Amino acid sequence: MSKLRIFVKKSLFFLLGERLANHIILYYRYHREKIKRQSWYEYHLNNLRYFEVHLTEHCNLNCASCAHFAPLADEIFADIEVFERDMNRMSELFHKNVGIIRLMGGEPLLHPQLLDFMYITRKAFPNLSTGIYIVTNGLLLLKQEEIFWKTCKENNIRVSVTRYPINLDFEKMVQTAKLYGVLLDFDGISEIAPIKTMCHRVIDLSGSQDYKKNFKACGYGNGCIFLKDGRLSTCGLSSHFQHFNKYFSQNIEVTDADSIDIFKSRTAKEILRYLASPIPLCRYCNVHARTYGNTWCVSMKDIKEWT
Ligand code: SF4
Ligand code: SF4
């Protein structure tokens, strides 16, 4: 530490006392490191605001431009033992202090052990301040047995339905959830939401984009934080690219630098700093060419849907 820094630190301690001085020093670091989408308060308390995790890679709906490449994925179910190990580690790292956890896919209701995943998640994060959501396209929701709704209720797990333009009885979903005392929303809105539109996220196959500028401009970086096989990534693209690469015989390079190992990381702060930084993979996103509000349609599995 430079002499000037030591002098400033000592002066602050002398003038303001240790507690207040430490707060000011942390606040300065927070701004210097430009922590994206993490409030000062959350950062200070080592609180991870949000993360999501897949229960399945595949889906029973086939949406064009799916951000998780589910239409291109093989039938892959999450391994419950890996999931439990990772949830317990997350709980340990963040002192059970995570804002929102979304269990999604693909389509999570396809997983035959869905209820076990729900119990494990709530057991690892018992505080009700952690909102746990099942995120579904709704296709299988009204086919769920009573035990599904009772498990949601018992574990205080909410159901979040994305309203695609498909013929489903959304009103009945609302009534069923009410009957069992389960909170249900439509992409975060309590009323039956407007029909979902799609975003066309444009991949630059040459990987020649400015990764730092992309990360700064991207709405997903440190927003859609994603957990997979013991690693956290700032947006999940590093996990999803495997399906794109395999289906289209591409070779988009995903390395360990695109995610962080939650078992090798020693502190929550180390992870929070990592998640707020650009990753090499950002060079494959043409953020400024993205278009939003596109009409939903079925995927033809054409590479143009993603490029
Ligand atoms: S429902 Fe969701 S996960 Fe499934 S294909 Fe559509 S966008 Fe992808
Ligand atoms: S890789 Fe970077 S630019 Fe692309 S979606 Fe993720 S955070 Fe955004």
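Which residue in E3 does Ile 100 stand opposite? Ile 100 stands opposite Gly 131. The model is a predicted one, in which local features need pLDDT of at least 70, side-chain atom pairs count only at pLDDT 80 or more, and totals for chains, interfaces and linings use all residues. Residues are numbered from 1 along each chain as its sequence is written, while chains are lettered from A and ligands numbered from 1 in the order in which they are written.

**View 1. The whole protein.** The protein has 10 helices and 10 strands (DSSP runs numbered from the N terminus: helices H or I of at least four residues, strands E of at least two). Its radius of gyration is 21 Å, close to the 19 Å that the globule rule gives for 307 residues, so the protein is as compact as a globular protein of that length (the radius is taken over C-alpha atoms, and the rule is 2.2 Å times the number of residues to the power 0.38). Along the principal axes, the C-alpha atoms fill a box of roughly 65 × 50 × 35 Å.

View 2. Eight strands make up an open sheet with mixed pairing, in the order E5-E4-E3-E2-E1-E7-E8-E9 (two strands pair if DSSP finds at least two bridges between them). E5 (184–186) and E9 (260–261) stand at the edges with a single partner strand each, so one side of each is left without a neighbour in the sheet. E9 pairs with E8 (residues 231–233) in the antiparallel sense over two bridges, and Leu 232 has Ile 260 as its bridge partner in E9.

View 3. E1 (residues 48–54) and E2 (residues 98–104) run parallel and are joined by six bridges; Leu 48 has Val 98 as its partner in E2. With helix H4 (residues 80–93), E1 and E2 make a right-handed β-α-β unit (with the strands pointing away from the viewer, the path from the first strand over the helix to the second runs clockwise). Four bridges join E2 to the parallel strand E3 (residues 131–136). Between E2 and E3 the chain crosses through helix H5 (residues 114–124), and this crossover is right-handed.

**View 4. The surroundings of ligand 1.** The residues around ligand 1 include Cys 59, Cys 63, Cys 66, His 68, Glu 107 and Asn 137 (a residue is near if its C-beta atom, placed from the backbone, lies within 6 Å). The shell divides into six nonpolar, five polar and one charged residue (Ala, Val, Leu, Ile, Met, Phe, Trp, Tyr, Cys and Pro count as nonpolar, Asp, Glu, Lys and Arg as charged, and the others, Gly among them, as polar).
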